[in-house]
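Visitor: Hi! Could you walk me through this one? I'm new to reading structures.

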Amino acid sequence: MKDIMSKSRRSSRRRSPPIRSGEIIDYKNTSLLRRFMSEQGRILSRRMNRLTSKQQRSMTVAIKRARILASLPFSNNES
């Protein structure tokens, strides 16, 4: 009984959206793009980012463009 109550309470909590309404997914906005990358420089999955599939596709394209233009690193090999 207690497990059912804790699950419903957990799901009712409202999370803040990962991208605010004023923010535009763009390859020039590196501070936004870095939030959706791991420490190693990998693009995080859609479940971890809590993005819609359309947002995830545009985020992936923007990150790849920023990597090609050397705004973002391809990998972070700092050890």
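Visitor: What pattern does the protein chain follow along the sequence?
Guide: Read along the sequence, the pattern is α-α-α-α. Helices (H or I, at least four residues) and strands (E, at least two) are DSSP runs, numbered from the N terminus. This is a predicted model, where local features need pLDDT of at least 70, side-chain atom pairs count only at pLDDT 80 or more, and totals for chains, interfaces and linings use all residues. Residues are numbered from 1 along each chain as its sequence is written, and side-chain values use heavy atoms, with hydrogens and water left out.

Visitor: OK, which residues are in the largest nonpolar core?
Guide: There are 11: I19, L32, L33, F36, M37, L51, M59, A62, I63, A66 and L72. Such a core is a set of buried Ala, Val, Leu, Ile, Met, Phe, Trp, Tyr and Cys residues joined through side-chain atoms within 4.5 Å. Buried means under 20% relative accessible area, exposed over 50%, partly exposed in between (1.4 Å probe, protein chains only).

Visitor: And which element gives the most to this core?
Guide: That's α4, with 4 residues.

Visitor: What does A66 touch?
Guide: Leaving out residues up to four places away in sequence, A66 touches Y27, L33, S71 and L72. A contact means heavy atoms within 4.5 Å.

Visitor: New topic: is I68 buried or exposed?
Guide: I68 counts as exposed because its relative accessibility is 67%. I68 is found in helix α4, residues 53-68.

Visitor: How much of the protein chain is buried?
Guide: Buried residues make up 23% of its 79 residues.
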